[in-house]
Amino acid sequence: MYAALWRALPGPVWLRIIIVLALVAGILWALAYVVFPWVADVLLPQDVTVEE
Amino acid sequence: MPDEPAVERARPRQRLSVVGVLGELLITVGVLVLLFVGWYLWLNDVIVGGEQTQSATELRQEWEEQAREERGEAPPPEPVVEGLSPDQAPVMAEPTTLNAAFATLIVPRFGDDYARTIGQGIAVREVLNSRRTGVGHYPGTQMPGELGNFAIAAHRNANGAPFGKLVDLRVGDHVYVETEAGWYEYTFRGLEYVLPTEVDVIAPTPRAPQTEPTERILTMTTCNPLFSTAERAIAYSVMTAWYPRESGMPAELAGEEA
């Protein structure tokens with residue numbers, strides 16, 4: 001799958017490496033700021049207050 | 001030796017196989033789970049904690065800036081070692097807007113640069129998980145400096161973990177609540193571990209809801225044990241001094257100010 005994705009990328013190897021790094025950086029950013037906070041809210045609800 | 005025929009060396013075109021794709025997907029899921037654990041236990045606190053500290057620092061600088069303008073040409077006040085009596089402290093009205101930031105919390109025991117913003121209300125998403133506030137004031141409980149109980153809550157882990165070191169407090173540690181008017185110094189008195197339903201810990205006189213308050217209490221609540229929601233850890237402090245902004249900040253905090 002990843003090999004096929006690599007072949008699907010345009011340009012010479014150095015350009016492909018840059019594209020891959022940019023994609024990985026974008027995915028990591030989306031995970032840390034969007035996906036993981038949402039997952040944590042759903043899977044690991046936290047409760048720090050006292051209430052009846 | 002006869003010449004070998006030129007062998008077609010090009011690799012055969014790889015085709016997507018079900019097993020191959022499945023395997024790569026499983027590896028991807030595994031990496032994602034590990035990334036999540038790392039994010040949850042560490043990176044999230046670094047990111048959110050940093051942003052919360054940043055927002056508290058900005059609020060404090062804003063107040064300092066206002067004080068500087070009001071002071072005019074007069075020299076800035078020196079840090080003060082002895083504060084005023086708690087009964088001289090002004091009491092601000094409880095904010096009517098939910099989630100509004102109205103104070104900052106400064107606890108030297110939690111770290112030299114520890115400062116968080118206190119927001120009105122205990123809404124999980126808007127206050128406790130917020131990258132701006134992080135610490136929430138129980139609506140209806142008293143305000144800083146008021147006779148009774150100023151009760152606040154925050155996370156012990158994840159989302160910046162403002163109360164991550166709550167149970168590290170030692171008797172005698174100072175907990176400062178800063179507002180536009182100045183610094184309310186509370187002195188840590190003790191910890192208690194309770195069930196989530198024991199709401200009398202935030203009563204005006206903690207644990208004695210029927211009693212008229214005679215002291216100015218600060219109650220901090222967070223979850224206990226760490227990573228669990230089974231119990232609550234409660235930290236009680238009592239107000240010991242008041243430092244008006246115009247006469248100078250507490251000497252204990254002066255070291256960290258720019």
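Predicted model: local features only at pLDDT ≥ 70, side-chain atom pairs only at ≥ 80, totals over all residues.
Strands here (E, at least two residues) and helices (H or I, at least four) are DSSP runs numbered from the N terminus. Local features need pLDDT of at least 70 and side-chain atom pairs count only at pLDDT 80 or more, while totals for chains, interfaces and linings use all residues. Residues are numbered from 1 along each chain as its sequence is written, and chains are lettered from A and ligands numbered from 1 in the order in which they are written.

- Strand 4 and strand 7 of chain B run parallel and are joined by 6 bridges; two strands count as paired if DSSP finds at least two bridges between them.
- Strand 7 also pairs with strand 8 of chain B, here in the antiparallel sense and over 8 bridges.
- Within that pairing, T222(B) has A233(B) of strand 8 as its bridge partner.
- The hairpin of strands 7 and 8 of chain B has 6 residues between the strands, and F227(B) takes a positive phi near 70° there.
- Strand 7 of chain B is largely enclosed by the rest of the structure, because 9 of its 9 residues are buried.
- Buried means that 20 or more other C-beta atoms lie within 10 Å of a residue's own; 12 or fewer makes it exposed, anything in between partly exposed, and C-beta atoms are placed from the backbone.

**The nonpolar core**

- The largest nonpolar core has 53 residues, among which I152(B), Y184(B) and L218(B) touch the most other members.
- Elements of chain B giving two or more residues to this core include helix 1 (18-71), strand 4 (148-154), strand 6 (182-194) and strand 7 (216-224).
- Strand 8 of chain B supplies the largest share of this core, 7 residues.
- Such a core is a set of buried Ala, Val, Leu, Ile, Met, Phe, Trp, Tyr and Cys residues joined through C-beta atoms within 7 Å.
- Leaving out residues up to four places away in sequence, I152(B) touches I118(B), V135(B), G136(B), H137(B), Y138(B) and M220(B).
- Contact means that the C-beta atoms of two residues, placed from the backbone, lie within 7 Å.

**Chain B as a whole**

- Chain B has 3 helices and 8 strands, and along the sequence they follow the pattern α-β-β-α-β-β-β-β-β-β-α.
- Of its 258 residues, 37% are buried.
- Among contacts in chain B with a separation of 6 or more, 62% join residues 24 or more positions apart.
- Chain B has a radius of gyration of 26 Å, whereas a compact globule of 258 residues would be near 18 Å; the radius is taken over C-alpha atoms, and the globule rule is 2.2 Å times the number of residues to the power 0.38.

**Chain A**

- Chain A has 2 helices and 0 strands, and buried residues make up 12% of its 52 residues.
- Its C-alpha atoms fill a box of roughly 65 × 20 × 10 Å along the principal axes.
- Helix 2 (residues 13-43) of chain A bends by about 45° at L31(A), the bend being the angle between axes fitted to the seven residues ending there and the seven starting there.
- This helix 2 of chain A is hardly covered, with 2 buried residues among its 31.

**Where the chains meet**

- The contact takes 16 residues from chain A and 29 residues from chain B.
- On the side of chain B that touches chain A, helix 1 of chain B gives the largest share, 9 residues.
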